[in-house]
Amino acid sequence: RAVLELIAHQNGAVKPGESAVLPKLTHTDIANYASLSRETVTRQLQRLSRANEIFIVEDRQIVLGPDFFKNSEIL
């Protein structure tokens, strides 16, 4: 979660109450960035998707929904 927030902020994609589109990243890219296994990243992304905090769009791009930022520590 923190890695996704950080990536969004680094790319200037965060505006309160709006969605943020992340640059296209693979699960392996995120895992390497967070020092986690790819499997752990996949499980966490699935959990966030089920909670409607993130959305995976057609081209496998991750969109952080407004609910994702409700408990943000960075904003």
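Biologist: Why is Arg38 called partly exposed?

Modeller: Its relative accessibility is 38%, and partly exposed covers what falls between buried, under 20% relative accessible area, and exposed, over 50% (1.4 Å probe, protein chains only). So Arg38 lands in the middle class. Keep in mind that this is a predicted model: local features need pLDDT of at least 70, side-chain atom pairs count only at pLDDT 80 or more, and totals for chains, interfaces and linings use all residues. Numbering runs from 1 along each chain as its sequence is written, and side-chain values use heavy atoms, with hydrogens and water left out.

Biologist: What makes Arg38 and Glu39 a salt bridge?

Modeller: Their side chains meet at 3.4 Å, N to O. The term asks for a side-chain nitrogen of Lys or Arg within 4 Å of a carboxyl oxygen of Asp or Glu, so the pair qualifies. Glu39 is partly exposed too, at 42% relative accessibility.

Biologist: How many salt bridges does the structure hold?

Modeller: Two. Glu53 and Arg1 also pair through their side chains, at 2.6 Å, N to O. Glu53 sits in the loop between α3 (38–50) and β2 (54–56), and Arg1 in the segment before α1 (2–10), so this bridge ties together parts 52 residues apart in sequence. Those helices (H or I, at least four residues) and strands (E, at least two) are DSSP runs, numbered from the N terminus.

Biologist: Why is Glu53 called buried?

Modeller: Glu53 has 15% relative accessibility, so it counts as buried. Arg1, at 34%, is partly exposed.
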